[in-house]
Amino acid sequence: MSDRPVRRPDVPQPRLDEVDERILWVLASDARIPNNRLAAAVGIAPSTCLVRVRALEDAGVISGYRAEVDIARLGFSIEAMVSVRVHAAARHELRDFAKRLLRVPVVLDVSFLAGDKDFLVHIACTSTEQLRDFVADELSGDPSVATTQTSIVFERLVADREHQARSYGELRRWQA
């Protein structure tokens with residue numbers, strides 16, 4: 001698991017055209033799509049498509065390709081979101097604290113938050129006992145942690161971009 005931030009506002013954003021965004025949209029829906037089908041889906045030649053995908057990778061716009069694993073089928077039937085508030089005296093240790101959490105095997109990801117909580121830690125456990133041990137030992141037992149609040153995930157639903165919208169442009173224009 002990477003400890004680099006997902007968003008990096010200090011890094012200049014590359015200029016992407018509509019074709020680049022269509023490539024990203026299709027890959028976000030199906031990262032295993034063969035290049036010739038991807039090219040057909042976005043209306044360009046396969047050789048051009050391959051060059052563009054590699055350029056998007058080189059620019060860091062595409063940061064990787066991952067398999068979605070159903071962790072419940074592997075025995076991790078308990079997912080939880082644990083919000084964590086760190087003591088004011090430990091504020092200088094926030095990044096180190098998050099990096100340490102990312103090394104704990106049951107941690108799926110850590111989000112650094114604005115507001116009254118500092119982190120939201122997404123974990124997957126095999127039992128309520130394992131969840132309890134994580135919260136008690138890794139969080140509450142840490143002297144830099146002021147408070148925790150654990151919410152068990154009953155069900156996690158993921159947006160289906162293919163049916164939710166047709167492009168990133170459509171997402172940018174969306175209004176409530």
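**Burial.** I started with how much of the protein is tucked away: of its 176 residues, 28% count as buried (under 20% relative accessible area, with a 1.4 Å probe and protein chains only). I keep in mind that this is a predicted model, where local features need pLDDT of at least 70, side-chain atom pairs count only at pLDDT 80 or more, and totals for chains, interfaces and linings use all residues. Residues are numbered from 1 along each chain as its sequence is written, and side-chain values use heavy atoms, leaving out hydrogens and water.

**Elements.** Next I looked up the secondary structure and found 7 helices and 4 strands. Along the sequence I read the pattern α-α-α-β-α-β-β-α-β-α-α.

**Helix H5.** Which residues of helix H5 (residues 128–140) are buried? I noted Leu131, Phe134, Val135 and Leu139. They cover an arc of only 90° around the axis, so they sit on the same side of H5; the arc is that of the directions from the helix axis to the C-beta atoms. Their cover includes helix H4 (94–102) and the strands E1 (78–86), E2 (107–112), E3 (119–125) and E4 (145–153).

**Overall size.** I then checked the radius of gyration, taken over C-alpha atoms. The protein has 20 Å, while a compact globule of 176 residues would have one near 16 Å (the rule is 2.2 Å times the number of residues to the power 0.38). The C-alpha atoms fill a box of roughly 55 × 40 × 35 Å along the principal axes.

How values were computed: Buried < 20%, exposed > 50% of the residue type's maximum accessible area, 1.4 Å probe, protein only. Helix = DSSP H or I, 4+ residues; strand = E, 2+ residues; numbered from the N terminus. Contact = heavy atoms within 4.5 Å.
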